Amino acid sequence: MKEKKHPRSSSKSTTNRRTTFSGNHQRSWLWGLHAVTETLATGTWPVHEIFANPKAFELSNELLRSKQACGIPLLIVDSERLQQLTGSSEHQGLAIRLGPFQYQTLASLTTRLSAPPDAASVPLVVICDRLQDGFNMGAILRCCDGANVMAVIVGEHCQADITPHVARSSSGAVNHLAIVQVADLVATVKLLQQQGLQVVAADANKQTSMWSSELTQPTVLIIGSEAQGVQPELLELCDQRLWIPMHGKVSSLNAAVAAGILLYEIRRQQQA
């Protein structure tokens with residue numbers, strides 16, 4: 001197969017980063033053998049093109065051929081071309097050009113919440129409130145997958161997009177989570193409370209330790225932004241505000257670390 005030249009994304013800035021998936025050339029590319037094959041296998045993310053060097057093609061021949069049969073262009077190129085496309089020497093011989101991530105709807109989540117309860121897993125939902133850092137977002141998604149979270153909800157504004165960068169940071173968790181995007185987080189919290197879920201958030205200004213909190217029932221956990229925490233409008237709706245005990249000199253934790261600690265304390269209590 002001949003190498004196909006790929007048009008460069010425009011470097012022109014945009015005032016609304018929601019109007020286009022790629023603010024720069026690299027944002028639409030995912031590379032690395034594990035990351036690419038898992039994304040292709042799960043089929044949760046639209047793929048426009050597949051690029052592979054001969055070695056990676058042989059390793060993943062069956063999967064790549066099956067995607068080519070579904071209409072996705074497959075091009076065999078050398079490693080130098082892969083580095084040009086991805087801007088990385090760590091491509092491991094395989095890269096894909098992705099379309100916009102496909103968020104799920106709030107209606108699909110509420111339908112699942114209305115179904116008969118699963119005795120093996122009490123509902124646990126995470127809301128990310130204005131998280132800006134892609135590494136943090138990816139790490140939180142990885143924790144959510146580990147804790148078997150039913151869904152992750154994000155807002156449309158002031159929130160890190162789900163991009164290949166986030167996918168790599170999540171170690172592929174984006175392919176296994178229901179990620180819902182909503183226009184109004186406050187209205188969403190009220191709706192989830194009507195569905196019977198309690199809402200909790202970390203709040204350093206409270207002295208109620210997470211260890212002494214009642215967290216056994218279906219729960220929504222709100223994770224606030226790195227700089228500002230949970231917005232006041234959401235804090236006012238919380239049924240509980242939790243404090244993570246800090247025994248050292250630093251008074252706060254990274255958002256992803258705090259999310260992991262709270263998620264596993266909630267799951268510990270739910271499964272006790």
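Select Tyr103 to begin: at 24% relative accessibility this residue counts as partly exposed, a class lying between buried, under 20% relative accessible area, and exposed, over 50%, as computed with a 1.4 Å probe on protein chains only. The model is predicted, so local features are given only at pLDDT of at least 70 and side-chain atom pairs only at pLDDT 80 or more, while totals for chains, interfaces and linings use all residues. Residues are numbered from 1 along each chain as its sequence is written, and side-chain values use heavy atoms, with hydrogens and water left out.

Rings of Phe, Tyr and Trp (its six-membered ring) pair if their centres lie within 6.5 Å, and the planes count as stacked under 30 degrees apart, as edge-to-face over 60 and as tilted for the rest. By this rule the count comes to three aromatic pairs. In one of them, the rings of Trp45 and Phe101 have centres 5.0 Å apart and planes at 80 degrees, so the pair is edge-to-face. Trp45 belongs to the loop between α1 (33-42) and β2 (47-52), and Phe101 to the loop between β4 (94-98) and α5 (106-114), so this pair ties together parts that are 56 residues apart in sequence. Helices (H or I, at least four residues) and strands (E, at least two) are DSSP runs numbered from the N terminus. Next, turn to Phe101 and Tyr103, whose ring centres are 5.2 Å apart and whose planes stand at 80 degrees, so this pair is edge-to-face. Trp45 is buried, with a relative accessible area of 4%, and Phe101 is buried as well, at 9%.

Now select α1, whose buried residues are Val36, Thr37, Glu38, Thr39 and Leu40. These buried residues pack against β1 (29-31), β2, α3 (61-69) and β4, where contact means heavy atoms within 4.5 Å. Just after α1, Gly43 takes a positive phi of about 70 degrees.

Then show Trp31 together with Arg168, whose charged end sits over the ring of Trp31, 3.9 Å from its centre; the criterion is that NZ of Lys or CZ of Arg is within 6 Å of the ring centre and within 35 degrees of the ring normal.

**Helix α5 and the cysteines**

Move to Thr110, which is placed in helix α5 and is buried, with a relative accessible area of 14%. Leaving aside residues up to four places away in sequence, Thr110 touches Leu191 and Gln195.

With the cysteines selected, what is the number of disulfides that the structure holds? The structure holds zero disulfides, a disulfide being a pair of cysteine sulfur atoms within 2.5 Å. Cys128 is in no disulfide, and the nearest cysteine sulfur, that of Cys144, is 6.2 Å away. Cys128 counts as buried at 0% relative accessibility, and Cys238 counts as buried at 14%.

**The whole chain**

Finally, zoom out and colour by pLDDT, the predictor's confidence in each residue, from 0 to 100. The chain has a mean pLDDT of 88, and 89% of its residues reach 70 or more. Over residues 1-25, however, pLDDT stays under 50, and for this stretch the model has 50 contacts beyond four places in sequence. Where pLDDT is low, the predicted coordinates should not be read in detail. The chain has ten helices and ten strands, and buried residues make up 50% of its 272 residues.
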